[in-house]
Amino acid sequence: MTRVLHLADLHGSLADPLLDAMTFLNEVTGRYPEAVSFAPGRPHEEFFDPGDIPKHLDTYLRHLREERGLTESQVRQEVFQYGRTKGLIAPLIARALAADEGIDVDPEALVVTVGAQEGMLLVLRALCAGPDDVLLVSAPCYVGVTGAARLLDLTVHPVPEAGRDGGLDPEALAAAVRELRAAGKRPRACYVVPDFANPSGASLDEPARRRLLAVAEETGVLLIEDNPYGFFGRTADPRPTLKALDGDRGNVVYLGSFAKTCFPGARVGYVVADQRVAAPDGREDLLADELAKLKSMTTVNTSALAQAVIGGMLLDGGLRLRDANEPARRFYARNMDTLLAELETAFRDVPGVSWNHPDGGFFAVVTVPFRADARALDACARKHGVLWTPMDGFHPGGGGEHQLRLSCSYLAPDRIADGVRRLAAFVKERLPEGG
Ligand SMILES: Cc1ncc(COP(=O)(O)O)c(C=O)c1O
């Protein structure tokens, strides 16, 4: 007989529903393969061509030989061997960041990670040292962050977003920091997605970004800026990132992801951590070097092959990833326009139903006058053939019980109208009598 382990004896995170959030969605999607799915925050697959992978790899190998002057034996070592913990393509990423975001950073301050997800884990582990340390997060919050915090037994404190389209509220952050300090806690950092957040779709305008940076500067709380969707505005006018606005003041640790701007299967992301770290003996290095120590004990290094393909994509795009993503931006913007127009048609006259109007990205949120939980989702999928994501799982402090997230990135445009009609049939069936 195989030995039985008891869940109660394993790490507490394993019994936490938070860690089931992603598998739950995949499982529901698998159970209703024919349903119109507004659930996954995945990029649209028609942008991908398997034939491009060898092309990008070739570009990177040519770059090693011709631009960096590596010998054949050095090239072999670069792509076949264990690699530098901080990564191989940091100089290329630094050039793309300067061109795309106006972020000027020494490649030494970059760590190439296994997706932004690994970046989060490393940053949280490094910043939170003891039981009084607290991670602040925008609420609602991406589950990858709250999940990583749970894995590390960190205390999470939610900071509400301002209104339906407003993004993290800087004044609420200042108040939360005061409150936590008064209670003897050490607020260390605040996680925020300033552009087209997951799950709310909300964005910070430029004055709010500047105010948030001022709060960080005044309180000493670091901002962890996560920016996977920044290229996908409904207009082509980008807002400056927190990191770009902060310059070299060191108030922002920046998480980058190539999951949406290149492809998620590569599992490549990065952290910009240019803060200086002083050791008791007076020596100084960069926070990136400290993160690399943690990385050496988790994933050792990010796959050299995956980095080579992403490096080739950066080179093939002229080290300007934003331009290379313009067709994707237009596609997602049109999908969001369609989604919002269809919601208007379906719910304009329906009392108690409202939705936000994101400026871009993959997600919008609909508020309904009944509980939009996992059971409601299952009933909706079974009876009406449409999937969405309950918002309650995104609220670390409770909330979102009457909200659902719709993702418009994965669907072909002609499926969106059909999906919203199905959703409307479900919602109207659940409205209170006479509603
Ligand atoms: C806000 C946010 N951050 C990070 C990620 C994950 O990035 P990666 O795939 O690079 O780990 C996602 C993916 O959905 C996301 O929505």
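Reader: Which residue is the bridge partner of I224 in β7?

Author: This is a predicted model. Strand β6 covers residues 222-226, and strand β7 covers residues 252-257. The two strands pair in the parallel sense over 4 bridges. In β7, the partner of I224 is V253.

Reader: Which strands stand at the edges of the open sheet?

Author: The sheet has 7 strands with mixed pairing, in the order β2-β8-β7-β6-β5-β3-β4. An edge strand has a single partner, so one of its sides is left without a neighbour in the sheet. That holds for residues 110-113 and for residues 155-160. The edge strands are β2 and β4.

Reader: By how many degrees are neighbouring strands of this sheet turned against each other on average?

Author: Take the strands in their order, β2-β8-β7-β6-β5-β3-β4. Ignore direction and average over neighbours in the sheet.

Reader: What angle does the direction of helix α4 make with that of β2?

Author: Helix α4 spans residues 90-101 and packs on the sheet.

Reader: Which residues are closest to the centre of the largest pocket?

Author: The largest pocket holds about 1300 Å³ of space. Its lining counts 50 residues. Closest to the centre are M22, L25, Y142, V143 and N198.

Reader: Which element gives the largest share of the lining of the largest pocket?

Author: Look at the elements that give two or more residues. They are α1 (21-31), α5 (115-127), α6 (143-151) and β14 (389-390). The largest share is 6 residues, and the element that gives it is α1.

Reader: How many residues in the lining of the largest pocket are nonpolar?

Author: Sort the lining by class. There are 11 polar and 10 charged residues. The nonpolar residues number 29.

Reader: Which residues are closest to the centre of the second largest pocket?

Author: About 490 Å³ of space lies in this second pocket. It is lined by 23 residues, which divide into 13 nonpolar, 5 polar and 5 charged. Closest to its centre are F47, F48, D52, C262 and M313.

Reader: Which element gives the most to the lining of the second largest pocket?

Author: Elements that each supply at least two residues are α2 (52-67), α11 (304-316), α12 (321-324) and α13 (326-347). The top contribution is 4 residues, and it comes from α2.

Notes:
Residues numbered from 1 in each chain as written. Predicted model: local features only at pLDDT ≥ 70, side-chain atom pairs only at ≥ 80, totals over all residues. Heavy atoms only, no water. Pairing = 2+ DSSP bridges. Axes fitted to C-alpha atoms, helices over the stretch in contact; angles between N-to-C directions. Contact = heavy atoms within 4.5 Å. 1 Å grid on protein atoms, 1.4 Å probe; cavity = no way out; pocket = protein on both sides within 12 Å on 5 of 7 lines; lining within 4 Å. Points joined across faces, edges and corners; volume = space filled by probe spheres on them. Nonpolar A, V, L, I, M, F, W, Y, C, P; charged D, E, K, R; others polar.
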